[in-house]
Amino acid sequence: MYYYLIVHLSLERVMINLFNELKACTICPRKCGVNRLDGKLGYCRTDSNLTVSRAALHQWEEPVISGTNGSGTVFFSGCSLGCIYCQNHLISKAENGKKISVERLCKIFFELKEKGAHNINLVTPTHFALHIIKALELANKQGLKLPIVYNTSGYESADTLKMLEGLIDVYLPDFKYFSSDIAKEFSFAPDYPEIAKAAIAEMYRQTGKFSFSASGMIKKGLIVRHLVLPGYIEESKKVIKYLYDTFSDNIFISIMNQYTPMPAMKNHPQLHRKLTTFEYEKVIDYALSLGIENAFVQDKNTAKESFIPEFNCEGV
Ligand code: SF4
């Protein structure tokens with residue numbers, strides 16, 4: 001009985017802390033200032049209810065994350081970036097998902113571990129960063145030992161990232177755009193390049209150079225993803241050069257060709273088509289010419305809608 005009361009009071013304190021931060025939300029660089037506790041939706045289209053669309057083993061991450069068993073992915077509903085070509089638009093627009101408690105999220109981590117997950121992979125977590133911090137603190141108290149992967153668009157507040165210090169082992173951010181005008185056109189975020197640079201620097205400050213387990217799975221470090229967009233190979237070259245000039249081979253760069261045009265892009269002048277093999281090879285050749293050794297590349301058949309998981313609340 002006493003034990004129950006102590007746990008109950010401690011969880012209540014957790015929720016009160018969350019409530020205060022969400023009264024005028026500035027968790028991400030959009031800094032909407034809305035009262036999410038009052039049911040107001042921010043740019044991320046979520047209020048204070050922690051909402052998850054899928055929690056399952058996932059095979060299609062980089063091999064050092066997926067391994068043989070799969071990565072324990074938790075897909076959060078909503079998104080604070082909102083790209084026009086989004087590959088996961090069903091969840092980024094928060095059109096599906098299940099509302100769960102912080103304690104349930106913690107339990108999901110352990111369920112994924114039981115299924116054999118190599119790590120816990122938090123996908124599009126930014127707008128629920130505070131809930132995640134509490135869930136990870138609970139999980140740590142209960143002895144969760146898996147590496148925690150923070151899988152993000154790169155549009156992150158450095159202050160929020162600082163709150164995650166010590167809880168995240170592997171950062172897996174995108175670095176999507178080098179040019180402000182392209183970031184504005186495709187993600188309504190002209191400040192994306194500067195924000196992402198600062199965020200990635202903070203991530204690297206926390207993790208340092210990568211390290212691996214004896215079985216070759218990443219334990220700690222930074223993998224920066226860049227999705228090459230059709231018609232934008234010069235932009236991709238600038239992103240890759242910046243990353244290599246800044247971090248050398250202390251990080252991995254994951255150069256992705258999996259852009260899949262969604263139906264909403266059918267009339268877009270550039271984004272209505274897949275990337276060509278020629279375009280992708282140009283970018284890879286450029287990366288090689290810089291001397292980059294730590295990179296992941298994708299094979300030809302990755303740009304398919306069938307690689308986009310079903311967001312049916314499995315495992316939630
Ligand atoms: S997390 Fe959502 S509500 Fe908060 S600042 Fe970002 S977009 Fe706005």
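Predicted model: local features only at pLDDT ≥ 70, side-chain atom pairs only at ≥ 80, totals over all residues.
## Second largest cavity

The lining of this cavity is formed by Lys-176, Tyr-177, Ile-182, His-226, Leu-227, Leu-229, Tyr-232, Glu-235 and Ser-236. Strand E8 (218–227) and helix H9 (233–247) each contribute at least two residues to the lining. By residue class, the lining of the second largest cavity comprises five nonpolar, two polar and two charged residues.

## Largest cavity

The structure contains two cavities of 30 Å³ or more. The volume of the largest cavity is about 110 Å³. A total of 14 residues line the largest cavity, and Cys-25, Cys-28, Cys-32, Arg-36 and Cys-44 are those nearest its centre. The lining of the largest cavity is made up of seven nonpolar, four polar and three charged residues.

## Aromatic pairs

There are 17 aromatic pairs in the structure. In one of them, the ring centres of Tyr-85 and Phe-186 are 6.2 Å apart and the ring planes stand at 90 degrees, so the pair is classed as edge-to-face. Tyr-85 belongs to the loop between strand E2 (71–76) and helix H3 (89–92), whereas Phe-186 belongs to helix H7 (residues 180–187); the pair therefore ties together parts that are 101 residues apart in sequence. Both Tyr-85 and Phe-186 are buried.

Ring pairs also join Tyr-85 and Phe-186 to a cluster that includes Tyr-155, Phe-175, Tyr-177, Phe-178, Tyr-192, Tyr-232, Tyr-242 and Tyr-259. Among these cluster members, Tyr-177 and Tyr-232 are also part of the lining of the second largest cavity.

## Charges over rings

Two contacts between a charged side chain and an aromatic ring may be described. Lys-197 lies over the face of Tyr-242, at 5.0 Å from the ring centre; Tyr-242 is itself a member of the aromatic cluster.

Ser-179 is located in the loop between strand E6 (170–173) and H7. The relative accessible area of Ser-179 is 15%, and the cut-off for burial is under 20%, so Ser-179 is buried. Leaving aside residues up to four places away in sequence, Ser-179 touches Pro-193, Glu-235 and Lys-238. Of these neighbours, Glu-235 also lines the second largest cavity.

Note on methods
Residues numbered from 1 in each chain as written. Heavy atoms only, no water. Phe/Tyr/Trp six-rings, centres within 6.5 Å; stacked < 30°, edge-to-face > 60°. Helix = DSSP H or I, 4+ residues; strand = E, 2+ residues; numbered from the N terminus. Buried < 20%, exposed > 50% of the residue type's maximum accessible area, 1.4 Å probe, protein only. Lys NZ or Arg CZ within 6 Å of the ring centre and 35° of its normal. 1 Å grid on protein atoms, 1.4 Å probe; cavity = no way out; pocket = protein on both sides within 12 Å on 5 of 7 lines; lining within 4 Å. Points joined across faces, edges and corners; volume = space filled by probe spheres on them. Nonpolar A, V, L, I, M, F, W, Y, C, P; charged D, E, K, R; others polar. Contact = heavy atoms within 4.5 Å.
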